[in-house]
Amino acid sequence: MSAPAEKTVRKVPTYCYQCVAGPDLLTVKVVDGVATEVEPNFTAAEVTPSAGKVCVKAFGLVQKMYNPNRILTPMKRTNPKKGVDQDPGFVPISWDEALDAIAERLKTVQARGANDESGYPRIAASFGGGGTPTYYMGTLPAFLASIGPIDFGFGSGQGVKCYHSEHLYGELWHRAFTVAPDTPNTEFMLSFGYNVEASGGVCGVKRHADARARGAKRVQIEPHLSVTGACSAEWVPIRPKTDAAFMFGLLHVMLHEQRNRLDIPFLKHRTTSPYLVAPNGFFLRDPATRKPLVYDLSGQRAVPFDTPGIDPALEGSFKVSGLEIGADDDVWEHRLEKVQPAFQKLIDHTAEYTPLWAGRICDVPHKVIRRLALEFLDHARVGETVEVEGRELPYRPVSIALGKTVNNGWGGFDCCWARTLMACLVGALEVPGGTLGTTVRLNRPATDRNLSVKAHPDGFMDYPMNPTDKAGWLAKPDVRNANRTLIPLVANSPWSQALGPTHLAWMQQQKAPEHWPQATPPDIWFVYRTNPAISFWDTRQITEVMARFPFTVCFAMTADETNHFADILLPDATDLEGLQLIRVGGTKFIEQFWDYQGFALRQPVAEAQGDARDFTWIATELARRSGVLDKYVKAVNRGAAGVPLKGENYDFSLADDEPPSVEQVWDATCRAASAEITDGAEDQGLDWYREHGFRLAPFPRLKWYLYAAIEDAGLRFELPYQERLMRIGKQLGRRLHEHGISWWDEQLEEYDPLPEYKNYPEMWEKALERNFNVDIRDYPFWAVTARSMQYAWGGNAGIQMIREVAENIGGHGGVVINSGKAAELGLADGDLVEIRSPLNATRGRVVTRQGIRPDTLLMIGQFEHWATPFAKDLELPSLNKLVPMLLDLTDSTGSGSDLARVSISRVEKAP
Amino acid sequence: MSADGKPWLQAHWDGHVAVNFLTGGSGSGLLVIAGLAALAGQPLALASWIGLLLVAGGLAQVSLHLGRPVRGWRALTNLRTSWMTREAYAAAALMPCALLAALTDSPLAGMPAALAAAAFLYCQARILKESRGIPAWREPRIVPLIVLTGLAEGAAIYLLILLPGAHTFAVLVVGAVLLAVLAARYVAWKQYRTALHGRAPRASEEVLERAEGPFTGAGHVAPVLLLLVAAGVPQAQGILATLAAATVLLAGWGVKFAIVTRAGYNQGFAIDHTPSRGSGTGGVGSKPGW
Amino acid sequence: MTRYVMVADLERCVGCQTCTAACKHTNATAPGVQWRRVLDMEVGEYPDVRRAFVPVGCMHCADPPCMHVCPTTATGQRADGLVTIDYDICIGCSYCAVACPYQARYKVDRPAQAYAEGRMRNETNREDPGRQGVAQKCTFCIERIDYGQAHGLTPGIDPEATPACVNACIASALQFGDIEDPESNVSQLLATHKHFRMHEELGTEPGFYYLWEDQ
């Protein structure tokens, strides 16, 4: 017998971008060609905020690759009937057959025109994970760009599962698609349900741990004691959906009890606080220049806001003359009319929002609210400065973060406004230690927030609103969620469609609202890395709609609840099997603001399993077979795969007359990336990146803080008064009414210049009573959800190891209920219960915890799978099944909240 | 496993191992009693055969539970600190002695067997006591309890062996011995329970609390009454003594089975303090399940 | 003298189980076996509740009960404090498992298989028949420590010489090092933080410290 051969061991660098809080760099140990271990990339320890580490999800990738339930050949459906109860009858087919079938369909469809009779794109595509699928789909974006308009509106969670209001208002106010504390520098954080220890990725977890170690204080305000609450210095169990009242209470203390402690110079010169508000609610303007007026205390007269050397009044009433311009250029001339600065309006507006008032709404002692307002002020260090890369900036180490359900759906506007305003009151917006935006998606360019700072004539940042004027308004929606028609604030960037009122796309497949085109199903629907049959709401309705889509192509890992309705399944190379170069660093989602930026490579660590193919190969073949190869290659050359292949000093463009190989595409991309990062001096290709994994160059920290760009441009933050929103809201209302549409009227009410608190819990209760004809008292609990670091966005409910380790964390086993309440109801750990909302019911096991309000039930993550292998045996409940898609519960940004009223009853005792 | 730190029922030692404590305890107890009785001229052979079979059967059960039974001999290699090794040596001595006693029926052979059996029984008790991960086992008062339980079972079995056609006086003596051992076993049980109170997970104590009634009633009160009545009613002596012995035996087995397989909650986890979490302050600790 | 210990900063730990997963990868443990894991403990009653995440595993005690009870001497203790198991000697009696007050020991009789549908390539690739049917537990990644020492590296500092859970910990909550060296990372942490060891009253002198507040 010969001695066993020495094993060959390699460590292959790659990245993990399974969630938006990435990317993180890692290495994979490969033994005899088999991926065995995930490890940090220690060479990146000094240059990435995650110190070269990855979170628990990345460790699931090995099982994801070798999962015996994987689909490893293309498949086609043989059962023409689609339904939950129908066996799709998938049978293996060759790649040729699969791709030709898709290409044929594409050609047939396109021959009939890009849009269908309702005016909607014939081709639709849904991708999950907040944009992260882009980092796994190779050149698919180039293919999509080459085949014409695509409807991205069939959401798989966006709008209802994202930080929706934050995305829209954040971009408006401070180019902040996502908002985060300047955790490396902050001292005091108010966190309203921001579950950073579960959703902030490695970077977020590490930075907050460092912050705790240096003595920073974080207060978690949330109905249950989440992982983040656990890691906070204090937990305030607030009644669900009353966060806006809490924040208004904080504003009241700051504005009415502690006004002298605010950052007055910041308010006067870096916000629109001094702008005078005319009688109809619009700014009073200089008749000559049409610029908003402020009242100069030194000159005792109203002057345009940008007059040098003035001391604008924040408070008081002044009799002045001027012009007021309303919706659709309505104009009023005012002569010596009594007007007030926006700040005075704000003071008056918040007078009734006392901590006592707020405390009663939030079920929180009013003393706690007042104390937290005072602590916020104590830590704000108003007046202090700090030097960043040679530039002096205000230093305000206080911040506020909002979580899901707080900043989406009704009340989200109020919360985002109050949060941003609180920062402004102490000058803590976009300055060291304060509250920062970290990425832009709706404004351009998306690569650099600072470059997106462009001036509006009124002295704040311009914003690419979708037109609401008569000439420009898009009366006939061009995609099924009507984002450009209904949501001016969502703009029209490549990301905007995904941020339309997503449930509208699904809902109107059942029944179109009045005076609205009857929505058609897409002729072809592409699905990748998402499972809306589990991850959206009213999953029963979603599956009914999917079953009617005539031709669905799913890129498939294993069988799941969405690809159950597919006509073709395509097995793509998974995370550890595919090749792709992406941009990393700079400022990105959540807390990903880096000191470096550059590129990272994802590469096959071992041979792809079965007949799974690299995504770029699939995209190229689809383009070739669909007859759009030249357009596709041109799109790649333009940068649709992430990096333009041609720059000032270099040109690595691919020939567009023959299909490039996967390696050719990424070698050219690597060379272009090297050239870009070195201004054309170097051109290392794929081999270099395969060996090194990433390449970074310093990113100036000054770019973390938009304040510098705002100051350089002489601009102001558009707070507190929302004159512009009020105008577009009125215009939008007129347009809709002109077309006979009144079903969006409640949403139009939200275009308030200063948000007024509404009884949000009651809105939910009434909407449910109205739509389902129930007595809400029969549903005595609020059901909420929370993110799980182990599961969120990983598409890993079918991964055994993830399940195993997730079970170590309380609440992953079922329905979390307050221990005392459970005892009162005679429920014990492990009892099987039914949670019923007016819409539907879900089942799970009881998990009793002390750390949850007695009126609240918690269901972590998104489960109740019925097709995904392994996951379907988990017996876990899901809130998604219980939450209805209702226009009544859709806010003006097209968003809703993960919230339901439910009852609980025992089905069987614990075994 | 528990995720919240609460103790859970150990699963390392299953029914196979428990059987060793049941039959091994009874068998070694029987060999001790029989060895002593042989000195008084009572029969030894059958008791030795039964004792031997019980001990060997228990050890065979244990070997079924071993992950690597082929290497089982290695259990003899840590005499210095391991009571399991010592038990193995005691067993190794017990087997030939008991066999010899069984074959010769000689009081001279009975004594070495009794001594080895006593050592074996003591080792069993110490094995449990040294299981420091299981609070209900590590309590020192478990040693007399296990030893006396084994002796009581041994006496009970010996009584059963003696009954058919035995001399009434011998039955009375053995019955009296059984009564004395029972009294001692009861005291040991109560002392064990008292000592354990607050020093084991609540779940362990609850199991023992549930065992308290049956063990006291069926294991002590009933046999004592039966034996006393039997002493006064010679015509029913056989059946009553048989019943008494059976209850002693079954109660002993029951309580040991409960201790090993039902009360064997592990230590669980505890923290002395909760962390300060930033500028907060640390809080009190927790020892869930205790 | 050297004694290697683990330090877990409870203030930092977020209970994410990255260490648990990293350990599972590095040591190819079977489903259900977690040499390192993190507990999720609640203290108090609503609304005065705290929640702490507590990493646990073999504490590499100075006076290890598991070693004393082992009938085969398979469980041993090195001069640097590591409590070891010789898989070639262990008979799998599990006495050590019931002797350990930290529930750190496991025994697996079958090859690892996460899915009923079949064994995965990574599972067959890493199968170690020698570890079946015997006691197993956290080794403090002993191979890494030995590798490090052979190559002049410092355990706890150089990743190649440091336990995988420590390397992987995204909150830097887990630290590893020589407590006998007053200059070591762990000694410095213990000097600047209030700390405790679990079940100190049992006298096992665990080599695992929990930090809970700054000094």
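Reader: What percentage of the 911 residues of chain A count as buried?

Author: A residue is buried if 20 or more other C-beta atoms, placed from the backbone, lie within 10 Å of its own. In chain A, 65% of the 911 residues count as buried. This is a predicted model, in which local features need pLDDT of at least 70, side-chain atom pairs count only at pLDDT 80 or more, and totals for chains, interfaces and linings use all residues. Residues are numbered from 1 along each chain as its sequence is written, and chains are lettered from A in the order in which they are written.

Reader: Why is chain A as compact as a globular protein of that length?

Author: The radius of gyration is taken over C-alpha atoms, and the globule rule is 2.2 Å times the number of residues to the power 0.38. Chain A has a radius of gyration of 27 Å, close to the 29 Å from the rule for 911 residues, so chain A is as compact as a globular protein of that length. Its C-alpha atoms fill a box of roughly 95 × 75 × 60 Å along the principal axes.

Reader: How many residues of chain C are in contact with chain A?

Author: Contact requires C-beta atoms, placed from the backbone, within 7 Å. By that criterion, 42 residues of chain C are in contact with 47 residues of chain A. On the chain C side, α1(C) gives the largest share, seven residues; helices are DSSP runs of H or I, at least four residues, numbered from the N terminus.

Reader: And between chains B and C?

Author: That contact takes 42 residues from chain B and 42 residues from chain C.

Technical notes:
Contact = placed C-beta atoms within 7 Å. Helix = DSSP H or I, 4+ residues; strand = E, 2+ residues; numbered from the N terminus. Buried ≥ 20, exposed ≤ 12 C-beta atoms within 10 Å, placed from the backbone.
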